[in-house]
Every structure is written in C-alpha cells, then in structure tokens.
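The sequence and the structure come first, and the description follows.

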Amino acid sequence: MLRLEQVNTHIGGLHIIQDVSLNIEKGEFVALLGSNGAGKTTLFRTIAGVLKPRAGTITFNGVDLLRLPVHKIVEAGLVLCPQGRQLYPELTVYKNLLLGAFPIRGDKKRIQKNLERVYAFFPILQERTNQLAGTFSGGEQQMLAIGRALMGEPRMLLLDEPSMGLAPMIVKQIGEVISDINREMDTTVFLSEQNANMALNITDRGYVLESGRCGLEGPCEQLKKDEKVRKAYIGA
Amino acid sequence: MELFLQQVFNGIMFGSTYAIVALGLTLVMGILHIPNFAHGHLYMLGGYITYFFITSLGLGYWPSLLLSIIVLGILGVIMEAIVYRPLHDQPHINAFIAAVGALLVLEAMAEVIWGPQGLRIPNPYPHTFQFLGIIMSVQRLLVIIGAVVLIVLLHLFLKKTLTGTTIEAVAQNREGAMLNGINVNRVSALTFFISSGTAAVAASFISPIFVISPAMGAIIGMKAFIIVILGGMGSIPGAIIGGYFLGLIESLGGGYVSAAYKDVIAFGALIVIFSFKPTGLFGKKEG
C-alpha cells in the first residue's frame, strides 16, 4: 500500500533521512520507533508531502506521491496526524472536526456518520463540541487531532507521537483507540513513537530509525527481545 | 450640538470606509502573516476602475460597481500569484520590498492612464436632506449602510460557510489546513479576491462624494495599516472598531480644532494609544 525506496530528505543543509526504504500493506498496524532527533517526524512529513525528498521514491497504492501536493495526497487517502497536533486554536471542536472532513465535503451523511464515530471514540469531544480547541488540555487536544484526522476517512493514517507529553492514563486510552481504529475501521496505521513500550504492545511489527537510517525491522515480539531496542527504548 | 452630530455623522461615514479597507487588509495579513502594503493602492485603483466603467463605457453606477469588484478581485488574485506566492518561504523582508514595488507600479499605472489630477465619479445620488439638523446626502448614507451590509455578509461567509471557514483555518494553522486536504494556495487566492473586491466597494461608495487621484492610495493604505495594528494584527472586530474609531477622531478633531490638523489629531491619538497599550486595542498575546 505504502512503499518507500531509498528516500533521502534534507532540511536546510542537513541530510536528515538517509536511504530509508519500507513497505506497509493494507490493514497493517506498524510502529516507527526511534529516539528524539532520529528523524521520525521528518520521515512522516516527507511521506505526507510537506517536505519533498531529494532522492528516492514514495508510492501509495501505486500512485507516485512525489508528484502530488499535500492536499492531493490527503484526497488519495493518506492522512498525517502531525506532531504538535496543528489544530485551529480559535475554532470550536466541531469546526475543527468539520475541517477534518474537508476531503468528503458536501457528503452530509458520511460526515455525520464519521462525527458520531469520533464522538464514540472520544466522548469528551461531544461534551465540549462548542469549546475552542485552544482551551483544551494536551490530552484533549491529541484526541481532537486524532478525531479530526479520522473525519476524512483515511485509508492510511500516520500518527506522529500521539503520546508525547501526556499522562500514562491518557496514553493508554489513546493507544486503545488507535488499536480500534486499525481493527474496526480497517484503517492501515503507521504509528511513530518514542514510547516503545506502548507502541510495541499494540502494533504488529516495527521499524527502528536511528540517525535517519532504518537500522532494524521486524515483528514486535522480535523487536522486544532485541538487546539494543530494550536498552535504548524500553529501558530494561 | 448640531456641529457635534454633523461631525459624528461624517466620522461614521469616513469610519465605514476605513473599516472596510482595514478589514480587507487584516484578512490578507491573517493568511500571509505579512502586511500587503499595496492594499491602499488597490483601493485607489478600485475607484478608477469604477470611474472607467461609468465615464468611459457609459455604464450605470451599480453595474460599474459590480464590474469593479470583479476586475479588482482578479487583479488581487494575480498580485498574490506573481508577487507574494513565490516569496512565501523567503524572509519576510523580501515580501515587504515586493509589496512596495507593487504599490509603486499601481500608482504609476494609474497616473499614466488617468493622469495625476483629481477626477470625479458622477454622483448617482446627490440629493441632500436635513435630519436632526444634520445635512445628509443619499450617497453618504449609502456609504454607511453599505459598509454595515458588507460587514454582515462577510461575517456570515466566514462563520457559516465551509469555504469561509477554510480562510480562518489557514490563518490559524497553515500546515494543519494542508494536512486536512485544503488547497492553501486556492484559499490565499480567494482571500485576495475578497480583500481586493471589498476595497473596490469601499472606493466606489465614497468616491462620488470626493475626487479620486493616484495619490489617495498611499494615505488610506497607511491609515488602514495603522488601524490593523491598533485593532490587533489579524483581528477582524479590531479592524472594524479601529476603522470607525479613526473616522470619528478625525472628524471630531477636524470639526472642533481645525480641518487642517485632522490627520495630526488622528495619528497623534494613535501614538498615545500605542504608548499605553502597545499590543493594540484587541491585541493577541503573540501579536
């Protein structure tokens, strides 16, 4: 479904992503592990089209993503829920969600159905539908960001460090919802996490990014046993 | 008392024009995060385009106004595409310089085509009457009522339609909007169309009362810029209230002190406000 070959991304003069290749099939739930500064966010921004790589190819269902602007990539069904959430702070929860449904605008029935599903995942969003997004706590903002990303019915969802800066309770709740999204909604999920413990427990397999290179990959069970992964990301 | 009411009436009329021009400027500023210094010059050109349709083509006032909105709106879209969009990822100073270049081009263009002297748009509603001792004309009332209608329509568009909401979305988080599948270039173009189109309305309403000249763009552009800072960068209510505020200060100052000092009084008051409230009346923290 998503295939990267020898992707190289530069920011300013820095060579951040170096020869990364990966492949994700429809329906999979895959983790991208790596420490702070390993290049996870840069890799996701490259896939979503915000950054254009200097070399390599990225295809999504056979379509060359490098030719498409960001909004066309979203229309193709690949949606990034970005780090820092990138919400609209002075718009209400409802309008934030409505803008998430921009790719299916005009289809009121589908939008209503998706809205109900998002509210079922995160009941707090329904309670606070008229509140401004900027007044939310970090955890609530993350729920809204995930909800907004779901509104456009992505075929593949990239989640960039949804657990960042959140309390363990909220991380657990968000982890459960992401699993549900993958299972119930048949959405392919690519989850970037520094919190390897959470990620390895819910995903099927993972890639490990180190200094912009894809060092290690494999099923989660195998990664959990790997000495290097344990030392670096699990702390055991 | 009659002098006071007369000056308040005139102040509201000038304020209506300032509010609309500042509103257009603040909309674009919200999207681009840089001031479109050429906005006052677009306003000036809006007056000339209306003049052209009325006097050169012999069209009526309202068809000319409508055509002026469309022509100036398209000009704004072209300006965004060739002047501002290529500079989007560059340092802001580059866009500042480009904006100054654009306003010089617009002013020179108006001067070459229509000459430096003032021209008069035939007043469609010159009829005057007295009300509470105030001398009013239908055209002056049109300036005031037209501004209110325009502000209400714009508010409804921004708050109640999805397309309008995308303008607010791009202003609040450009990258977030891209990742929601919004074509931010199209939103920028639309914003420029609305901004330029409303400037054409403001110019076409008030121009039949006074004269139009190529130099009028610079002064109203500067005033609009100050109103936007006064009202708080990117704040729509701030631009509206700031516009009426400046119109009233100018008019009352001009009426009670001296018409020759009206700009001095208006700008002096702004300096005093800024020294007490540097973020502007409705300034946001980051502003």
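In this predicted model, H39(B), L42(B), Y43(B), M44(B), G46(B), G47(B), I49(B) and T50(B) of helix 2 of chain B meet S195(B), S196(B), A199(B), A200(B), A202(B), A203(B) and S204(B) of helix 8 of chain B. Sorted by class, the contact of helix 2 of chain B with helix 8 of chain B holds eight nonpolar and seven polar residues, and no charged residues. The crossing of these two helices, helix 2 of chain B and helix 8 of chain B, is right-handed.

Helix 10 of chain B likewise passes helix 11 of chain B in a right-handed crossing. On the side of helix 10 of chain B the contact is made by L246(B), I249(B), E250(B), G253(B) and G254(B), and on that of helix 11 of chain B by K262(B), I265(B), A266(B) and A269(B). The residues of this contact of helix 10 of chain B with helix 11 of chain B divide into five nonpolar, two polar and two charged.

The geometry of both pairs is set out below.

| Helix pair | Angle | Axes |
|---|---|---|
| helix 2 (residues 39–56) of chain B and helix 8 (residues 184–206) of chain B | about 55° | 8 Å apart |
| helix 10 (residues 236–256) of chain B and helix 11 (residues 262–276) of chain B | roughly 135° | within 8 Å |

Helix 10 of chain B is therefore oblique to helix 11 of chain B, and helix 2 of chain B and helix 8 of chain B are also oblique to each other.

Between the chains, the contact takes 21 residues from chain A and 14 residues from chain B. On the side of chain B that touches chain A, helix 6 (162–172) and helix 7 (174–179) of chain B are the elements that give two or more residues, and helix 6 of chain B gives the most, with five residues. That side of chain B comprises five nonpolar, seven polar and two charged residues.

Note on methods:
Residues numbered from 1 in each chain as written. Chains lettered and ligands numbered in written order. Predicted model: local features only at pLDDT ≥ 70, side-chain atom pairs only at ≥ 80, totals over all residues. Contact = placed C-beta atoms within 7 Å. Helix = DSSP H or I, 4+ residues; strand = E, 2+ residues; numbered from the N terminus. Nonpolar A, V, L, I, M, F, W, Y, C, P; charged D, E, K, R; others polar. Axes fitted to C-alpha atoms, helices over the stretch in contact; angles between N-to-C directions. Parallel < 35°, antiparallel > 145°, perpendicular 65-115°, else oblique. Left-handed = near helix turned anticlockwise from the far one by under 90°.
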